[in-house]
Amino acid sequence: MNIQGLIIQLLSGISSGMVIFLIAVGLSLIFGTLKVLNLAHGALYMLGAYLCYWISCQLSDLGGSFWLALFFAPLIVAIFGGSIEYLLLRRIYNREPLDQYLLTFALILVIGDIIKLLWGVDFNMVPVPWPLNGPFIYMGYVFPRYNLFLILCGPIVFVGLWALMRYTRLGKVIRAITYNREMANALGTNVQLVYTAVFMLGCWFAGLGGTLIAPLTSAMPGMDMVILIECFIIVVVGGLGSLSGAFIGSFIFGMVNAFGILVFPRLAIAFGFILMIIVLIIRPWGLMGKPE
Amino acid sequence: MIKVIGKGKTGRLSTWAPIAIFLFAGLPFVLPLSWLSLLTEMLILAIAATALNLILGYAGMVSFGPAGLYAVGAYTTALVLIYTELPFWLAFVAGPLLAGIIAIVVGWFCVRLTHVYFALLTLAFSQIIYTILFGWYGFTKGDDGIVGIPIPKLLQSIPNYYYFTLIIIGISLAIMWMIVNSPFGKTMQALRENPERTEFIGINVRVYQLSAFVISGFFLGLAGAVFCGFSKSVFPAYAHWMKSAEMLVVCLLGGIYNFLGPIVGSLVYIFLDKIISDFTHYWPLVLGLVIIALLLFLPGGIAGAIAGKLAMRSDKG
Amino acid sequence: MKRFFSCKFIVALFSFLFFIGLAQAAEPIKFGFIHSLSGGIGQVYGVPDLAGVKMAVKEINDAGGVLGRPLEVIERDDKLSPETGARVAKDLVLSDKVVWLQGNVSSAVALAISAYAKEVKIPYITSAAQSAAITGEKGHRYVFRISTNTTNYCRSIANAAAKLWGGKKVFILGPDYEYGHRSKKDFMDAYTKAVPDAKVVGELWPKLGNQDWTPYISKIMSSDADFVYCSLWGGDVISFTKAAINFGYFDRIKHCGQDWGNMEALSKMDKQVYPKGVLGGSHYPYWLIDNPISNQLAGKFIKETGMYPGLSISGYTTVYAMKKAIEKAGGTDPEKVIDSLENLEIDAAVGKLVIRKCDHQSMWPFWVGKVIVTKDQPWPHISDAILLDPSQGYRSCEEISQVRAQQ
């Protein structure tokens with residue numbers, strides 16, 4: 001493969017990684033603060049994609065319907081997530097982990113079927129929004145404009161979230177709770193409220209990921225489980241609860257995918273799991289995580 | 001809520017067991033074949049779920065990957081039957097044996113971790129098993145699966161295989177019951193409640209957990225082998241995480257702190273699946289709502305709720 | 001008194017028996033339909049197939065049924081899983097007592113149901129699963145196919161690619177399971193006969209239902225292959241096209257694949273986003289066919305179901321074939337019905353079809369053409385189609401008995 005091909009393949013890997021970073025970061029955030037592995041994260045991502053499709057359809061006469069969807073869809077998913085947290089998740093925080101897994105698993109089933117009820121089982125295509133459709137051509141290099149846009153989204157979200165954690169009051173409170181919940185509670189923070197806020201933020205990211213990916217792949221049933229397994233791999237590799245870990249993990253995952261298929265075409269599905277096993281055996285808390 | 005399993009049930013067991021055996025043995029004479037077939041499936045799932053519950057309810061280890069070992073059992077039996085001329089009983093025994101051996105290897109790595117990391121590693125291993133079954137087309141026939149597996153003429157009719165399954169589940173449950181009521185089983189429960197304290201009194205936590213994992217794996221493989229004979233076919237889907245999720249749900253439905261819980265759970269699950277699927281395409285929605293309802297209102301599962309009621313009644317009486 | 005009573009009684013008895021007899025005569029003939037009805041990839045075919053089947057059932061019942069009895073279809077979703085497929089097949093046979101089973105787009109599911117059908121001796125007609133092994137290597141008395149198979153598929157595509165392009169460097173893109181690998185083998189076998197020094201210069205095997213196509217597309221575009229042979233199908237065709245459009249893929253790469261011309265997938269795309277110039281195949285390009293049955297059926301199908309027929313017309317055709325076979329056999333006894341099906345000639349929408357006795361494969365033709373949008377047909381469809389004669393497309397009966405002997 002020549003240099004041009006390698007660079008394009010590199011860009012492919014980065015764009016794959018950045019897309020999945022947006023989704024994985026939500027999962028990591030929720031686990032880091034609430035200590036809950038939200039199995040329904042993929043379902044919320046799927047909800048985001050379907051909402052994007054629906055909003056784009058409803059407002060297709062309006063120009064820029066995708067951008068409106070980009071604003072509203074994650075918001076709706078966040079609100080939906082908030083109500084789940086308030087009504088259901090709160091009751092099982094102090095229970096066995098198995099109960100948490102089963103509750104969030106049950107949500108996968110419920111959300112998945114509600115989506116089927118509302119939108120059917122068909123393929124739902126969302127057009128790539130202007131001005132991002134079509135290829136970007138530069139000196140013989142061809143790469144989709146939309147994927148370039150996605151590559152930019154990753155670092156923007158990363159920096160934004162980092163700044164939120166570092167500089168805002170909410171971020172400081174979140175970090176305090178993550179380190180020592182009892183102490184934060186004792187000092188007067190409304191832990192319950194922050195939990196809801198963090199969960200909503202995580203869901204917002206899931207919805208954002210779904211909305212952004214909809215023009216690329218279309219909204220279809222089954223997309224939730226594929227992405228969930230990939231997210232597991234990334235948060236394990238990067239470290240559960242770590243923002244930079246999610247970023248690095250996604251990057252590695254994107255690279256492994258892009259170049260792995262060149263070297264071992266048939267082992268594509270196994271890569272992620274082998275990576276996961278290696279990390280869990282050698283350094284279970286991931287690259288950027290802290291040992292418990 | 002004190003989670004002591006099996007207390008006070010030994011007395012009841014000796015009265016109920018022969019009645020249950022009599023009932024189950026008589027069913028082929030009253031049930032139509034399709035229901036008998038469904039019942040056999042339910043019994044096989046019950047073996048698998050009870051095996052899973054050995055580590056789930058008793059040892060407190062949440063595994064996301066029981067389906068991997070179940071599939072190893074099923075495929076081993078299948079592969080021996082189609083590639084060699086060895087007799088059925090040998091192929092049948094090879095299933096759980098190989099599952100147990102693989103459980104030693106997988107378990108050794110997994111028990112070094114706890115909680116969510118343990119769960120994720122078990123998931124990763126079972127997905128690797130799935131990948132091997134799916135990808136090694138030349139040997140395992142990959143996505144096609146293996147169909148038309150030859151089983152002895154005696155076992156080919158539905159009622160006969162039902163009796164075979166009944167015998168196997170009877171023996172398996174008896175063995176597992178003895179294990180959980182042995183000192184080993186009691187230690188496992190203590191370990192679940194308080195690992196630090198148990199370690200403090202000299203118990204090697206890792207060894208106990210690994211042993212439980214291997215025993216569980218053996219019986220999971222056994223369930224797989226029985227299912228292989230039942231459906232005369234095996235598919236990579238047997239190792240998929242959806243199957244693992246099914247087993248976890250079954251344990252939850254019935255109640256993980258009760259020996260009979262998984263059995264009750266599999267009965268209810270298969271029954272619900274059949275009834276509801278006949279009415280609606282939205283079986284997952286119903287199942288999801290049922291799980292949520294159970295988690296919020298019946299934390300001990302169905303068996304737990306019944307056991308609770310019985311305990312209350314015996315208190316009053 | 002007694003005589004009066006017994007007279008009444010006898011009349012009542014006879015009336016009762018008469019009505020029982022009538023009820024028997026009107027007892028429906030049930031058959032099982034198993035297909036992919038949910039999930040992303042397979043339902044692209046499963047849902048229209050079922051619609052076609054229901055249309056056929058209604059037409060037949062309105063015209064008096066089969067031997068005076070109405071047809072009744074019981075549909076089940078196989079979720080693209082062989083385990084589920086086998087389980088619902090068992091249920092249909094044991095609980096619902098169906099006379100025959102049909103359906104399936106996944107070859108893996110079809111093989112599982114085929115094995116079960118052999119066990120319970122009920123006819124099973126696959127109407128969409130394509131692997132040649134189903135009626136070839138693993139064929140038996142109880143399995144039939146009223147559709148094409150991978151042999152004809154791949155030979156037809158290879159034939160067209162050789163005629164129109166003739167490139168020597170081939171890039172293979174296919175879903176990573178048996179169907180994909182079998183397609184590669186069948187295609188290259190046929191293609192190298194026409195273009196002897198053709199070879200594979202690259203291959204990629206994404207998993208079925210892959211979502212992120214970017215690394216695959218970029219790899220293909222940087223290779224030096226002359227053209228791409230792609231065995232992706234159903235939903236994958238749609239999602240791949242969508243991703244590839246943003247690379248300007250179809251303007252730069254020659255791309256062919258057996259499943260790229262079927263209307264089920266193409267109808268979900270539009271004038272902006274479609275695989276332009278791709279060499280694709282179709283099981284039923286109704287705009288290119290001119291016979292009385294097709295002319296009436298195509299419009300009716302689209303109007304009544306709101307969907308477009310292609311591969312999915314097999315279900316409709318199967319129902320009519322079974323009607324003819326049952327009438328010829330004079331009843332629903334499986335063995336007699338199977339005997340009638342063998343060498344049965346059907347007047348189908350694609351023309352006259354014969355169900356071969358040696359392997360129960362129907363000699364369904366397959367059209368391959370370039371996918372374009374024209375002014376008088378402003379939707380993606382294949383045009384300038386090349387039709388490979390079915391006698392060349394399918395393996396001969398001698399070949400079939402040879403491969404079966406090797407099993």
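Here are some numbered notes to read alongside this predicted model.

1. The contact draws on 37 residues from chain A and 40 residues from chain B. The size of an interface is often given as the accessible area lost when the parts come together. For chain A and chain B, that buried area is about 3,600 Å², and 82% of it lies on carbon and sulfur atoms.

2. Next, look at what chain A brings to this contact. On the side of chain A that touches chain B, α4 (97-119), α9 (223-238) and α11 (268-282) of chain A each supply at least two residues. The helix that gives the most is α4(A), with 14 residues. Sorted by class, this side of chain A holds 29 nonpolar residues, 8 charged residues and no polar ones.

3. How many salt bridges cross the interface of chain A and chain B? The rule finds 0 there. Polar contacts between chain A and chain B come to 2 residue pairs, with both residues at pLDDT 80 or more.

4. Now turn to chain C, which has 15 helices and 14 strands. Its radius of gyration is 23 Å, close to the 22 Å that the globule rule gives for 407 residues, so chain C is as compact as a globular protein of that length. Along its principal axes, the C-alpha trace of chain C spans about 100 × 50 × 35 Å. Of the 407 residues in chain C, 63% count as buried. Among contacts in chain C with a separation of 6 or more, 69% come from residues 24 or more positions apart.

5. Is C:Gln211 buried or exposed? C:Gln211 has a relative accessible area of 9%, so it counts as buried, the cut-off being under 20%. Leaving aside residues up to four places away in sequence, C:Gln211 touches A:Tyr45, A:Thr217, A:Met220, A:Met223 and A:Val226.

6. Salt bridges come next. Side chains of opposite charge can pair when their charged atoms come close. Over all chains, a search of the whole structure finds 27 salt bridges. One of chain B's pairs is B:Arg192 with B:Glu193, where the closest N and O atoms are 2.7 Å apart. B:Arg192 counts as buried at 14% relative accessibility, whereas B:Glu193 counts as partly exposed at 45%.

7. Another salt bridge pairs C:Glu119 with B:Lys232, the closest N and O atoms being 3.5 Å apart. C:Glu119 sits in helix α4 (residues 107-120) of chain C and B:Lys232 in the loop between α10 (205-231) and β2 (233-234) of chain B, so this pair joins two chains. C:Glu119 is partly exposed, at 42% relative accessibility, while B:Lys232 is buried, at 12%.

8. Within chain C, the side chains of C:Glu203 and C:Lys184 form a salt bridge of 3.2 Å, N to O. This pair links distant parts of the chain, with C:Glu203 in strand β7 and C:Lys184 in helix α6 (residues 178-194), 19 residues apart. C:Glu203 is partly exposed at 29% relative accessibility, and C:Lys184 is partly exposed at 21%.

9. Which residues of chain C are linked in a network of salt bridges? Look for C:Arg141, C:Glu335, C:Asp339, C:Glu342 and C:Lys357, which are joined in this way.

Conventions:
Residues numbered from 1 in each chain as written. Chains lettered and ligands numbered in written order. Predicted model: local features only at pLDDT ≥ 70, side-chain atom pairs only at ≥ 80, totals over all residues. Heavy atoms only, no water. Contact = heavy atoms within 4.5 Å. Buried area = accessible area lost by both parts, 1.4 Å probe. Salt bridge = Lys/Arg side-chain N within 4 Å of Asp/Glu carboxyl O. Polar contact = N/O pair within 3.5 Å; in protein donor to acceptor, adjacent residues only side chain to side chain. Helix = DSSP H or I, 4+ residues; strand = E, 2+ residues; numbered from the N terminus. Nonpolar A, V, L, I, M, F, W, Y, C, P; charged D, E, K, R; others polar. Rg over C-alpha atoms; globule rule 2.2 N^0.38 Å. Buried < 20%, exposed > 50% of the residue type's maximum accessible area, 1.4 Å probe, protein only.
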